[in-house]
Amino acid sequence: MIAPRRRQPFHAFSSFNKKGGKALDIVKRRRNQALDMYQEMATYETIADCLDISVTTVVQYVARAKSKGDVRVKRPFKHRGRQLAVQRRKSIKDMKALGLSAREIAKRLGINVRLVQIRLKEGNK
């Protein structure tokens with residue numbers, strides 16, 4: 001005769017084990033992946049799609065990391081566009097130092113020649 005199965009307590013299925021007070025390995029991995037992606041300026045929606053989790057979960061991961069002082073949630077700029085603009089300015093400056101013309105720089109970066117000229121004038125001031 002087969003013995004009846006014991007019912008599992010609710011915390012056995014929880015992502016946060018109430019008895020041990022530790023998150024499961026898969027949850028730790030997902031949280032770390034989410035925070036790494038957040039540090040690389042990914043949006044909440046992008047992170048949620050890649051990890052196949054809810055956007056709310058990503059927001060909670062980031063909020064919890066901020067409250068604990070995790071360095072991965074400190075972004076230099078609030079918006080990705082500003083960060084990209086700073087990187088583009090640096091690229092223009094570096095390429096000019098290599099002796100490339102404004103037209104060659106624009107072609108390599110896929111931007112307008114006039115924008116390159118403006119950024120180069122800014123650097124001369």
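## Overall architecture

Helices (H or I, at least four residues) and strands (E, at least two) are DSSP runs, numbered from the N terminus. From that end on, the elements of the protein chain run α-α-α-α-α-α. The chain holds 6 helices and 0 strands.

Of the 125 residues of the protein chain, 24% count as buried. Buried means under 20% relative accessible area, exposed means over 50%, and partly exposed lies in between (1.4 Å probe, protein chains only). Contact means heavy atoms within 4.5 Å. Among contacts between residues at least 6 apart in sequence, 36% join residues at least 24 apart.

## Model and confidence

This is a predicted model: local features need pLDDT of at least 70, side-chain atom pairs count only at pLDDT 80 or more, and totals for chains, interfaces and linings use all residues. Residues are numbered from 1 along each chain as its sequence is written, and side-chain values use heavy atoms, with hydrogens and water left out.

pLDDT is the predictor's confidence in each residue, from 0 to 100. The protein chain averages a pLDDT of 84, and 82% of the residues score at least 70. Among the elements, helix H4 (residues 80-97) has the lowest mean pLDDT, 87. Helix H5 (residues 102-109) has the highest, 94. Where pLDDT is low, the predicted coordinates should not be read in detail.

## Helix H1 against helix H2

Two packed helices are described by the angle between their axes and the distance between the axes. Axes are lines fitted to C-alpha atoms, for helices over the stretch in contact, and angles run from 0 to 180 degrees between N-to-C directions. Helix H1 (residues 25-39) and helix H2 (residues 44-51) pack at about 145 degrees, with their axes 10 Å apart. H1 passes H2 in a right-handed crossing. A crossing is left-handed if the near helix is turned anticlockwise from the far one by less than a right angle, and right-handed if clockwise.

H1 supplies Arg 30, Gln 33, Ala 34, Met 37 and Tyr 38 to the contact. H2 supplies Tyr 44, Thr 46, Ile 47, Cys 50 and Leu 51. The residues of this contact divide into 7 nonpolar, 2 polar and 1 charged. Ala, Val, Leu, Ile, Met, Phe, Trp, Tyr, Cys and Pro count as nonpolar, Asp, Glu, Lys and Arg as charged, and the others, Gly among them, as polar.

## Met 37 in helix H1

Met 37 lies in helix H1. Met 37 is buried, at 17% relative accessible area. Leaving aside neighbours within four places in sequence, Met 37 is in contact with Ala 42, Thr 46, Ile 47, Cys 50 and Leu 51. Met 37 and Ile 47 are 10 residues apart in sequence and 6.6 Å apart in space, C-alpha to C-alpha.

## Two loop residues with positive phi

Met 41 sits in the loop between H1 and H2. Its phi is near 70 degrees, a positive value in a residue other than glycine. Met 41 is buried, with a relative accessible area of 4%.

Asp 52 is in the loop between H2 and helix H3 (55-68). Phi of Asp 52 is near 55 degrees, again positive in a residue other than glycine. Asp 52 counts as exposed, at 69% relative accessibility.

## Helix H4 against helix H5

H4 and H5 pack at about 135 degrees, with their axes 10 Å apart. That makes H4 oblique to H5. Angles under 35 degrees count as roughly parallel, over 145 as roughly antiparallel, 65 to 115 as roughly perpendicular and the rest as oblique. The crossing of H4 and H5 is right-handed.

Arg 88, Ser 91, Ile 92, Met 95 and Lys 96 in H4 meet Ile 105, Arg 108 and Leu 109 in H5. By class, this contact has 4 nonpolar, 1 polar and 3 charged residues.
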